There are 2 protein chains.
Amino acid sequence: MAHRTTVYDVAERAGVSIATVSHTFRQPERVRPETRELVLAAARALGYVPSGSARGLAKGRSQALGLYAFDMFLPSDVNAPALSLDDLVRRELDGRGDARRFPLYVDEIQHGFEIEARRLGRTVMLGAGASRDSLGSIDLAGSVDGLAIFPGSAGRDLLEHVGRGVPVVIFSSPPAHDPMHHITVANEPAVRELVDHLVGHHGHRSVAFLGELAAPDIGARFRGFQAALAAHGLPVSAEPFDATAMTQDSLRPLRAAIAAGDLPRALVCATDQLALAVLDLLARHGLRVPEDVAVTGFDGIVAGRLSEPSLTTIRQPFASMGRLAVRILTDTIAGREHPRSYVLPTRLVLGGSCGCG
Amino acid sequence: MAHRTTVYDVAERAGVSIATVSHTFRQPERVRPETRELVLAAARALGYVPSGSARGLAKGRSQALGLYAFDMFLPSDVNAPALSLDDLVRRELDGRGDARRFPLYVDEIQHGFEIEARRLGRTVMLGAGASRDSLGSIDLAGSVDGLAIFPGSAGRDLLEHVGRGVPVVIFSSPPAHDPMHHITVANEPAVRELVDHLVGHHGHRSVAFLGELAAPDIGARFRGFQAALAAHGLPVSAEPFDATAMTQDSLRPLRAAIAAGDLPRALVCATDQLALAVLDLLARHGLRVPEDVAVTGFDGIVAGRLSEPSLTTIRQPFASMGRLAVRILTDTIAGREHPRSYVLPTRLVLGGSCGCG
DNA sequence: TTGTAGGCGTTATCAA
DNA sequence: TTGATAACGCCTACAA
C-alpha cells in the first residue's frame, strides 16, 4: 500500500475537481450522470475508499458509538502471555480457556448495544483498559459521538471529564449527582422476591448473602436482602456473610463455614458468576445442592442454565439495557432529552439450585 | 456541548503553543515538568479530549481493527420495527426475542477477535449491512487499519476493492485467487469423522445431508459427506437431501419426507442452527431423537449444549479464529508476511442427538 | 452543474 | 525545550 488513494487522485483521473468527487459520493443527484459515472469509474479503478478520519474531522461527527469495558470484566486470557496459535486452538477444542465462560453479562449487554446500533445505522467502537484515570477510555471518547461504559475502575472525575465532550451512559451503577445517564435494574425488590421464595416457599430460616460490596449494584442487592429478612422476622446481618467473593482469597469464609459444619441452609449470591463458583466449591466438598444447601444467583447468564443443577436466579434484561443505551445516546446526540436514570424490571427464574425446576 | 475543546483552547489557557500541548500528551518526557503540569491542568480544567479523527488523519492510522458482518447473520430483530422499551424488556424477560439465540457462531468469533485486539492494544470497530456492493462495508474500511469480514453478500469485486487499501481477512470461505487472507477449518475430514461415527459406531445405513450449498463452507462439508458415504460403500447422493435449509420454504423436503414416512435414519445438518431447527420440527411431528432419527450439527455453538437432547456436532475453534484474524491483520499492518490461508482443526463432540452422551 | 477555498484538530518537521 | 507552520483528506458554503 504505497500511497492511499484520495479524492485528489480520483479527481485527477476523472478530470474533475475534488469537490465534484465528494459530491458524487455524498449528493449524487447534484452531479450530472455522465460526470458521476466518470468519477465512479475512476474511483473503482483506483480502489478509492474515503478516509473515515478525514470525514469525521470535516463533519465533526464520526457516526460511531463507543462501548468501554474495564479490565475487571476481561477474561484472564487478555493478560496471559501470548499463546501460540496451536495452543490456542487446542485449549479451545478441549473446552478450556475462556471460551467456556462466554458469554458473560457484559457480552449480553454488548449484544443488545450492537443490535440497536445496527438498526440505527451506526458503527460500534469497542475499547477496554485498566487505567483508572489515564487516557485509556478517553481516547475512545475522542472517536465517538456517544459512549456507554461498564462500571469499573474509572474514577468519577474521569467520567465527568469525558462526559463534557460526549453523552455518556453507565450501566449497573446507581444514579448520582453527575451528568451521566444511568441504566440499572430494581435490585432491591428483586432480591426481596428471591428471599421470599427461599423463606416462604422452601421454608429456609438460615439464609446468607455472599458478595463484595465493591461493585455498585451489589450494595442495593444486599440492602434488599436485609429488608427481606427483616420482613420475615429473621435476624438481619450487618454485613454479607462472605464478602471475599471473587478476590484472591476467594470464598474463604465460606470454606471456613463448611469446615466448621455450620453452613447456612441457603446461600444468596450477588451474581451468577459467584453462584457458579460456589456450586463448584460445594461440589468439591461433597455437599449436595439443593439437598444440603440451596444456592441462588443474580443476572440470568447463559452459563447458569448450563450448570448442574441449573441456577435459580434473577434475570436482568441485559440486551434491552444495551439497546436502551444506544437510544439514549442517539437521542441525546440529536438534541432530544432523556431521563437521567432508568430502572428496569427483572424476573425471578426458578432453577434446580433452590430445589425447584 | 457548545464548542469542542481543542489543542488551541488548551494552549491558550496554558500560555503555550499547540505543539507543546501535543507533545505533553504524546512525548511527555520531551517537555519540561512544570510546563507539562501547566498543560495538564489546563486540559483538565477544560475537559480536553483529543479528537480521534484528527489524530487518525494526521497519523494516517486509526489503531482500530474492523469486523464486518452482513445481514445474513443479523438477528431478525434488527429489521423489525422499533419496539418500545417496555416491549423489549418484556420480551426479553419472557425469554422471547433474539436473546434466546445468542451467542451465534459469529459472536464467538467476534469474542476472540475482541480479546486479541485488547491484548494488542487496538480498538475494534463493528459494522454491518446488507449492501452487496454499496458503501456499507467500504466506509468501515476507510476507518480502520485492517478489516475482518464474515462471508456474505459481498461481491468479490467489493472485497478486492477494499483489499487494496487495508489488509483483509475473511472467515469460513475457501481460499481463492484473491489478495485476502482466509481462515477456515478442515471441513471435509470433520464430516468424514462424523459419518464414520454414525455408520461405524451406530450402524446407520440411511444417512442424509441437510444444508444449502450457498454458504461457502457448506460445499466442502457436503463433499466430505459424499466421500464418507462412498468409503462405507453406501449410495452417494449428488445433492443434499434438503437444500432449502433456513430459507423461506424452510425444510419443506424434510417435512415431505416425514409426511411420506420415509425419513432417513440419520440427518447430518450443515450447521448447528439448522440442526436445532430440525430438532424442533421433529419434535412437533412427534418423532423422537435419537430413537427414531439421529441428528447431528456442525459448529459447536452454545445453544447446541442447551438443547434437548444436546447436539452431537463438530466443534470449531471460533474464538481462536477471531484471535488469529487479529494477529494476521496486525502483522500485515506491521509489514510482516502471513500465509494467505489457514485451515484449523476441529473436534467431534458427542451429544445425545446421535444416541451417545 | 462544477470549481475555489477555507476549515476541521492533530501530528511532525524544522527552526528558534 | 518550545514554537511556527505545513501537511493529513474531506466537506461545504459560496462563486463561477
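**View 1. A salt bridge links the two chains.** A:Asp94 and B:Arg347 form a salt bridge, and their closest N and O atoms lie 2.4 Å apart. The term stands for a side-chain nitrogen of Lys or Arg within 4 Å of a carboxyl oxygen of Asp or Glu. Between chain B and chain A, the count of salt bridges is 2. Please keep in mind that this is a predicted model, where local features need pLDDT of at least 70 and side-chain atom pairs count only at pLDDT 80 or more, while totals for chains, interfaces and linings use all residues. Residues are numbered from 1 along each chain as its sequence is written, chains are lettered from A and ligands numbered from 1 in the order in which they are written, and side-chain values use heavy atoms, with hydrogens and water left out.

**View 2. Chain B meets chain A.** Here 75 residues of chain B are in contact (heavy atoms within 4.5 Å) with 76 residues of chain A. The two chains bury about 6,700 Å² between them, 62% of it on carbon and sulfur atoms; buried area is the accessible area (1.4 Å probe) that two parts lose on being put together, summed over both. In chain B, the residues that lose the most area to chain A are B:Leu93, B:Phe102 and B:Arg118, together 11% of what that side buries.

View 3. Between chain B and chain A, 26 residue pairs are in polar contact, both residues being at pLDDT 80 or more. Such a contact is a pair of N or O atoms within 3.5 Å; within protein, one must be able to donate a hydrogen and the other to accept it, and residues adjacent in sequence count only if both atoms are side-chain atoms. Helix α6 (residues 105-119) of chain B supplies the largest share of the side that touches chain A, 8 residues. Helices (H or I, at least four residues) and strands (E, at least two) are DSSP runs, numbered from the N terminus.

View 4. Look for 12 strands in an open sheet with mixed pairing, where two strands pair if DSSP finds at least two bridges between them. The edge strands are β10 (341-344) of chain A and β10 (341-344) of chain B. Strand β2 (residues 123-129) of chain A pairs with strand β2 (residues 123-129) of chain B in the antiparallel sense over 3 bridges, and A:Val124 has B:Leu126 as its bridge partner.
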